[in-house]
Amino acid sequence: MDCTEVRARLESLCDGELEEPCAARLRGHLERCPACRAHYAEAASLPARLAALPAPEPPAGLLPGVLHRIRRERVGRARLWGLPAAELLLFGVVLWYLSGPQGLVTLMQRTAADAASLLGWGAGVAHLPAATAGDVFLLLLFGLLVVVTVYHLTLLARAGFRTS
Ligand SMILES: [Zn+2]
């Protein structure tokens, strides 16, 4: 074992990480070689010298700043996971309200009839069609779903810009 090999393993020897035959060879070299012994003394005293250094004071705003960021990210994450749940719920209610393909067909027929009535009203041929309560409810649900989804997409876009 030459001086280069010994010096490469001095830290491991200090930390007690070397197996015994290797550690014994290293100690043997250190007894014979004053230059490596000086390196070993320096390496061995390093933890104590580091511990003796005064710990630097953190900047005054560091801790409040970190806590503020953590809190903001937690709220953001909760919103990102809460919104899909709300969207799914709204979508489920809309689906339930439409109650399958037959409901969808009925809705399209009613919409077509409403549109025809509106055109007739615009042309002065028919009266303004009265909105049924179910349609208003569905329209409200759909509007709410659109608003929540747009808000969600805005948040996702903002989160994407922050990470990239
Ligand atoms: Zn040596």
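Analyst: R27 has 13 other C-beta atoms within 10 Å, so R27 is partly exposed. By definition, a residue is buried with 20 or more other C-beta atoms within 10 Å of its own, exposed with 12 or fewer, and partly exposed in between, the C-beta atoms being placed from the backbone. This is a predicted model: local features need pLDDT of at least 70, side-chain atom pairs count only at pLDDT 80 or more, and totals for chains, interfaces and linings use all residues. Residues are numbered from 1 along each chain as its sequence is written.

User: Which helix holds R27?

Analyst: R27 belongs to helix α3, residues 20–32. Helices are DSSP runs of H or I with at least four residues, strands are runs of E with at least two, and both are numbered from the N terminus.

User: Where is the kink in α4?

Analyst: The kink lies at L46, shortly before the proline P47, and is about 45°. The bend at a residue is the angle between axes fitted to the seven residues ending there and the seven starting there.

User: How many helices and strands are there overall?

Analyst: The chain has seven helices and zero strands.

User: What percentage of the residues is buried?

Analyst: Of the 164 residues in the chain, 2% are buried.
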